[in-house]
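Please examine the sequence and the three-dimensional structure shown below.

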Amino acid sequence: MDFQNFELETFQSKFERTVDYNLADSSVQCAAVNDLLAGQDAEPLLNLPLYYPEVNGTALLRERIAALYSDSSAGNVLVTVGASQANSLICSTLLEPGDEVVVVSPGYRQVWGLARNLGCVVRELELRPEDNWRLDLDELEKLAGPKTRMISVVNPNNPTGTILREDEIERVVAISEKTGAWLHADEVYCDTEQQGGPTPSFWGRYDKVIVANSLSKAYGLAGLRIGWVLAGAATVEALWRRHEYALIAAAGPSMKLAEIALAPTKRAVLVERQKRLTRVGQQTLNRWVGEQGGRFSWTPPPATSIAFVRSHLHLSSVELADSLRTRVSVLVAPGAYLGAENHFRIALGYQPEKLELALERIAEAVATLDPVAAS
C-alpha cells in the first residue's frame, strides 16, 4: 500500500529547527516548568519514583480530566501521549479497510492521512470561506451514508478558528446517529475562545461520540505530550489494549505535571495566559495585514492561537513558505498541507516582539511582489 506522509508534520519536523522564527506551530508560546510550578510545592515531582507509571494514566489525572466534562468519570478516560496518539488509537481501533470516513477540510490532516493509510475511503467536507469557513451541513448529510464508519470534526477548527454553533453541533450528532457512524471530536482548541465561555463539548450527546483533547493548545504545555481520549468504558478498554502495544504509558513526570496543570486554580492561570498572548498577537497581525498593500487578508478567528492568512500573491502556498524559509528564515505552514491553497497558517501567541520581527521579515520578502488583481 502507498503510504500517505503527514505532509504538514514532515515539513515542520524538517525545518522548524533551521529558522530564526518558527511561526508554523499551532500553540501559544509554551510555559516553562518554573511557570507551571510557581506557587506549588515541587517535592512531589522531585521525589517521584521513576517506575513504570499507571498505563491508562494516573488516577488523579484521569479524575481531573473527567471533571472537565459533565456526566463522566475516570473510567471514561485514557491518558495518551498527546492528542496525536489519541487520534491514532481511535483510527486504528475503529476503522478497517474499505470504511468511509468524513473529515472536515481545511483541517489538521492527521485523521485524513491515518484513514487513507488504513485503506479507508476519505470524503472531505469543505468549509465555506465565503461564509467565514462555516460547515455546509446539507453537504455533510449527502456525504454521510450507510458505509460511513466515522465522522471526524475539529472544534474549534484548526486552522480557521471557527466554532460550531449549538444548532450545528446538534445536527452533526443527528447525522451521525442516523448513519450509525462514530463521531470523533478533536477538541484540543476548547478554552481558546476570545469571547464567551468554553465551546460546548460533543461529549455525552450520542453513545458513539469519542473525544480527543490535550494540554498542548489551551494550556501552552505541548512539551508534556499529554493528551486523552474520552469514551464509553468498553471503547476505552479497547483503546487501552492498543495503547499497551504502542507505548505502554505516558511518562510519569509528564503526568505529575499534568495533574498540577489541571488543578482548578492553576488551570485558570494557564488558560488566561494563553488568551492574553493570543489577543495581543491578533492585534499585531491585524495592524500588519493592513500595511501590506493588499498582499494578504484575514478574518480574526473566534478561537485558537493561530491565524489562517489568505495570500494574494502569484505563488502557491508551498512556494511562498519555501521562499520565506530560505530567504528570511521564517517558517509558516502552507495551506496546501491543511487542505486549502493560497493560505498559510501562523502562530500568534508568542512574545509580541518575536511576532513583530517575524512579520517584518515576511513583509521584506514580499515587498517587490504585486498582489493578484481582484477578479
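**Backbone, cores and a helix crossing**

Asp191 is buried, its relative accessible area being 10%, where buried means under 20% relative accessible area, exposed over 50% and partly exposed in between (1.4 Å probe, protein chains only). The model is predicted, so that local features need pLDDT of at least 70 and side-chain atom pairs count only at pLDDT 80 or more, while totals for chains, interfaces and linings use all residues. Residues are numbered from 1 along each chain as its sequence is written, and side-chain values use heavy atoms, with hydrogens and water left out.

Asp191 is found in the loop between strand 6 (182-186) and strand 7 (209-214); helices (H or I, at least four residues) and strands (E, at least two) are DSSP runs, numbered from the N terminus. Its phi is near 80 degrees, a positive value in a residue other than glycine. Trp133 also has a positive phi, of about 65 degrees, although it is not a glycine. This residue is found in the loop between strand 4 (121-126) and helix 7 (137-143), and at 15% relative accessibility it counts as buried. Most residues other than glycine have a negative phi, and most peptide bonds are trans.

Two peptide bonds can be considered next. The bond from Ser105 to Pro106 is cis, with omega near 0 degrees, and Pro106 lies in the loop between strand 3 (100-105) and helix 6 (110-117). The bond from Asn158 to Pro159 is cis, with omega near 25 degrees; Pro159 lies in the loop between strand 5 (148-154) and helix 8 (166-179).

The interior is described through nonpolar cores, each a set of buried Ala, Val, Leu, Ile, Met, Phe, Trp, Tyr and Cys residues joined through side-chain atoms within 4.5 Å. The largest has 90 residues, and those with the most contacts inside it are Phe202, Leu285 and Ile346. Helix 13 (residues 352-366) provides the largest share of this core, 7 residues. Apart from it lies another core of 22 residues, among them Trp112, Cys120, Val122 and Met150.

Finally, the axes of helix 5 (residues 82-94) and helix 9 (residues 233-246) come within 10 Å and cross at roughly 115 degrees, the axes being lines fitted to C-alpha atoms over the stretch in contact, with angles from 0 to 180 degrees between N-to-C directions. The contact (heavy atoms within 4.5 Å) is made by Gln85, Leu89, Ile90, Ser92 and Thr93 of helix 5 and by Ala238, Leu239, Arg242, His243 and Ala246 of helix 9.
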